[in-house]
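This report describes a structure with the sequence and coordinates shown below.

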Amino acid sequence: MRALRVEQADCLVLVEDLGRPGYAHLGVPRSGALDKVALALANRLVGNPEDHAVLEVLVGGVRLLAQESVRIALTGAQLPMVVGGRPAPWGTAVSVAAGSLVEVGPGPGGLRSWLAVAGGIDVPTTLGSRSTDSLSGLGPAALKVGDLVPVGPATPHADGSGQAAPARPLTGRAVLRLRLGPRDDWFTDASLAALLSGWYDVSPSSNRVALRLRGDPLARRAAGELASEGIVDGAIQVPGDGQPLIFLADHPTTGGYPVVGVILDDDLAWCAQLRPGDRVRFMPAT
Amino acid sequence: MRTKRVGDHALLLLVDDPRSAVAVRNLVVDLASRPGQPGRAPLAAPVEIVPAARTVLVDGLPGPVAVERWQALLAGVSLHDYEAGRSDPPGEPVTIDVTYDGADLDVVARVWACSREAVVTRHTRTMFLVAFCGFVPGFAYCVAAEPFPEVPRREVPRERVPGGSVALAGEYCGVYPTATPGGWQLVGATSARLFDADRPEPALLSPGNRLRFRATSP
């Protein structure tokens, strides 16, 4: 059986793919990998279609035993990887002999990596996706010691390109571009100016649902309740305490607090890599 | 129709009430499925059309150009004219069997100044419309198709509302698909499966559905 056996899981490891688009009107979050570009890249490196399921590794601290020989590739944060006792490169296809251990350890920068296996992680689908949705509970459970993680058959062209991928520099600070709206008119001019000039700290309560921030609170122009409305990926919602949060892949489909702006796609992937204590500021998109 | 841009891939359509949101969702589905005009690129179809209480979110458009085309198109559309031109009959209503033994049945009876039996009669005689879903997969916000008295939310939400609870809050009626925290007034319980990811239609109640509740003996 093509599978990986989980020998150690000191960190959160989830199965993720492109998620479940098309069900938001039923209250089902989109979910999927927090960085869909890194997901596609990891898949391409091992010769998979870009939508195959991979392992999303938070922080690092996982050991997997290959039951048969497989090819793997790691993208996202540059976590140190050891294969069969030897250091293995990030961002390129690596061959793993049957019976070898793959170890992905904690690294100095970034937060999440995506580990693709030729053939893809082959757990059953739920609503067309293998993704774990941490909000609704759809999809497989997090990996735990003793699990056998099934791997699909590698396609004939599954040698992958083997090319190294460009790394994202991760410095602990990020400038995120946003488009204001749809509810920026709920906030005072002074608050909007502060949002576009101050630094915000990443809160430890951040997760796959939202990157939660701490900084100058945003003040509303007037009291009042907003009726719940649909939420997009990257929406910056401002709850009653005025502290903004950025909605990530597992965000609820609707929300009842005003959305002051939306992060551009290209910058949203950064949010997957920010650690508690890292700092963020916002810049209007041109 | 008034619209607001939401990032580079979405538009928020502003509507008057939950019933209009359902109609606008149908309108957007219709517009997205119309064949393109000769010589023009077809209109990009959205990935998500999410009705809510006062809005409909049209999300997953390819980019700002598509967003602007939709915005221009919708600016010239009258919901009233669209509704007037529709001739397709509504589908058969969904029926949900309910045991009316909810923990808040007396509260609702007090608010409505009637007996528990009268609450049940009122609830079972009313046709409801699924306006939108949210909160958890398969949770439907249903509004009455005829005048229906409102009920306040509980001041302190329950930490755990059992799955299958039939509940009222504000102008809405809903059924909790699974056990979750919740602040609505519980009037009864059903064994109907509100959400099952393995069914071809995973949600029993989807925006635009009509439904009735039927009393079963406890």
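In this predicted model, M81(A) has V104(A) of β9(A) as its bridge partner. M81(A) belongs to strand β6 (residues 81-83) of chain A, and β6 and β9(A) pair in the antiparallel sense over three bridges. V104(A) in β9(A) is also the bridge partner of V62(A). The strand on that side is β4 (residues 62-66) of chain A, which is joined by four bridges to β9 (residues 101-104) and runs antiparallel to β9(A).

These pairs are part of an open sheet of six strands in chain A, with the order β7-β6-β9-β4-β1-β11 and antiparallel pairing. Its edge strands are β7 (86-88) and β11 (148-150), each of which pairs on one side only. On average, and with direction ignored, neighbouring strands of the sheet are turned by 30 degrees against each other. At the β11 end of the order, β1 (residues 3-9) of chain A is joined to β11(A) by three bridges, and the two strands run antiparallel. Here R5(A) has L148(A) in β11(A) as its bridge partner.

Chain B contains five helices and 13 strands. Its C-alpha atoms fill a box of roughly 65 × 35 × 35 Å, taken along the principal axes. Of the 218 residues in chain B, 42% are buried. Among contacts in chain B between residues at least 6 apart in sequence, 61% join residues at least 24 apart.

The contact between the chains takes 26 residues from chain A and 32 residues from chain B. On the side of chain B that touches chain A, β1 (3-6), β2 (10-14), β3 (48-51) and β4 (55-59) each supply at least two residues. Which of the strands gives the most to this side? It is β3(B), with four residues. By class, this side of chain B has 19 nonpolar, seven polar and six charged residues.

**Nonpolar core**

In soluble globular proteins, nonpolar side chains tend to be buried together. The largest nonpolar core here has 146 residues. The members that touch the most other members are A42(A), V54(A), I72(A), L115(A), A116(A), V56(B) and C142(B). Leaving aside neighbours within four places in sequence, V56(B) is in contact with L13(B), V15(B), A21(B), V24(B), R25(B), V28(B), I49(B), V50(B) and P51(B).

**Helix α5 of chain B**

Helix α5 (residues 116-125) of chain B has V119(B), V120(B) and H123(B) among its residues, and these three are buried. They lie on the same side of α5(B) because they cover an arc of only 95 degrees around the axis. The face turned away from the buried side carries the exposed residues E117(B) and R125(B). The cover over the buried residues of α5(B) includes α4 (105-112), β12 (185-189) and β13 (210-215) of chain B.

**Backbone exceptions and a buried arginine**

Most residues other than glycine have a negative phi, and most peptide bonds are trans. L127(A) is not a glycine, yet has a positive phi of about 50 degrees. A113(B), also not a glycine, has a positive phi of about 55 degrees. The two residues are set side by side below.

A cis peptide bond joins G181(A) and P182(A), with omega about 10 degrees. P182(A) lies in the loop between β12 (173-180) and α2 (189-195) of chain A.

R208(A) lies in the loop between β13 (200-202) and β14 (210-214) of chain A. Is this arginine, R208(A), buried or exposed? R208(A) is buried, with 25 other C-beta atoms within 10 Å. Apart from neighbours within four places in sequence, R208(A) is in contact with L34(A), S134(A), L248(A), A249(A) and D250(A). R208(A) and A222(A) are 14 residues apart along the chain, and their C-alpha atoms are separated by 31 Å.

Technical notes: Residues numbered from 1 in each chain as written. Chains lettered and ligands numbered in written order. Predicted model: local features only at pLDDT ≥ 70, side-chain atom pairs only at ≥ 80, totals over all residues. Pairing = 2+ DSSP bridges. Axes fitted to C-alpha atoms, helices over the stretch in contact; angles between N-to-C directions. Contact = placed C-beta atoms within 7 Å. Nonpolar A, V, L, I, M, F, W, Y, C, P; charged D, E, K, R; others polar. Buried ≥ 20, exposed ≤ 12 C-beta atoms within 10 Å, placed from the backbone. Arc of directions from axis to C-beta. Core = buried A, V, L, I, M, F, W, Y, C linked by C-beta atoms within 7 Å.
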